[in-house]
Amino acid sequence: MFENHILFVIFALIHLFLDALDGVVARITKPTKKGKEFDNLVDRLIEFSALIKIAWSFNIIWLYMVILIAFVSQGIHIYSRLQSPVFFSRTLVLLFLVIELPLVAISLAGMINLWGLLLQLQWYWKRKYIS
């Protein structure tokens with residue numbers, strides 16, 4: 001699926017390390033709302049890039065549906081100004097890609113994002129009709 005798997009593994013590990021470092025720096029310094037939104041956006045771009053690569057490689061329609069579910073879930077989270085519940089699947093996706101199980105990676109991403117979407121609908125319903 002990836003032309004050079006070793007380079008992909010190195011990229012994934014560097015990305016995860018830098019993301020962890022970013023979190024440490026944000027805790028040491030005063031985090032801002034814009035910084036939190038930007039970090040969320042960058043994390044989602046990495047995840048979506050990996051999911052799109054898997055879907056493109058296998059060209060199976062349900063893989064594109066997983067990406068759509070993830071996109072909608074993340075869109076709701078961003079629209080709610082990061083207030084709605086959301087689950088992130090990036091780390092699991094990268095982990096299963098590193099061990100060369102791309103269909104497991106995208107399947108887990110689909111389940112995680114679908115569960116997150118259901119929680120977001122419940123969150124919206126409670127805010128709109130119960131509160």
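In the predicted model, helix 1 and helix 2 each contribute at least two residues to the lining of the largest pocket. Helix 1 provides the largest share of that lining, with five residues. The volume of the largest pocket is about 260 Å³. Its lining comprises 13 residues, of which Asp 22, Ala 26, Pro 31, Gly 35 and Lys 36 are the closest to the centre. Sorted by class, the lining of the largest pocket holds five charged, four polar and four nonpolar residues.

The second largest pocket has a volume of about 200 Å³. Here the largest share of the lining, five residues, is from helix 2, and helix 2 and helix 4 each supply at least two residues. Among the lining residues are Asp 19, Lys 36, Asp 39, Asn 40, Asp 43, Arg 44 and His 77, together with Leu 82 and Phe 88. The lining of the second largest pocket divides into six charged, four polar and two nonpolar residues.

Helix 2 covers residues 33-58. The buried residues of helix 2 are Asn 40, Asp 43, Arg 44, Ile 46, Glu 47, Phe 48, Ala 50, Leu 51, Ile 54 and Ala 55. These buried residues pack against helix 1 (5-28), helix 3, helix 4 and helix 5.

The largest nonpolar core consists of 19 residues, and Leu 51, Val 93, Leu 97, Ala 105 and Ile 106 have the most contacts inside it. Each of helix 1, helix 2, helix 3, helix 4 and helix 5 supplies at least two residues of this core. Helix 2 gives the most, with six residues. Apart from neighbours within four places in sequence, Ile 106 is in contact with Leu 51, Ile 54, Ala 55, Trp 62, Leu 63 and Val 66.

Most residues other than glycine have a negative phi. Leu 82, which is not a glycine, has a positive phi of about 65°. Leu 82 is located in the loop between helix 3 (61-79) and helix 4 (90-98). With a relative accessible area of 12%, Leu 82 is under the 20% cut-off and therefore counts as buried. A positive phi, near 60°, is also found at Glu 100, in the loop between helix 4 and helix 5 (102-130). Glu 100 counts as exposed because its relative accessibility is 54%, the cut-off being over 50%. Asn 59, which follows helix 2, has a positive phi near 50°.

Conventions. Residues numbered from 1 in each chain as written. Predicted model: local features only at pLDDT ≥ 70, side-chain atom pairs only at ≥ 80, totals over all residues. Heavy atoms only, no water. Helix = DSSP H or I, 4+ residues; strand = E, 2+ residues; numbered from the N terminus. Buried < 20%, exposed > 50% of the residue type's maximum accessible area, 1.4 Å probe, protein only. Expected span 1.5 Å × (residues − 1). Contact = heavy atoms within 4.5 Å. Core = buried A, V, L, I, M, F, W, Y, C linked by side-chain atoms within 4.5 Å. 1 Å grid on protein atoms, 1.4 Å probe; cavity = no way out; pocket = protein on both sides within 12 Å on 5 of 7 lines; lining within 4 Å. Points joined across faces, edges and corners; volume = space filled by probe spheres on them. Nonpolar A, V, L, I, M, F, W, Y, C, P; charged D, E, K, R; others polar.
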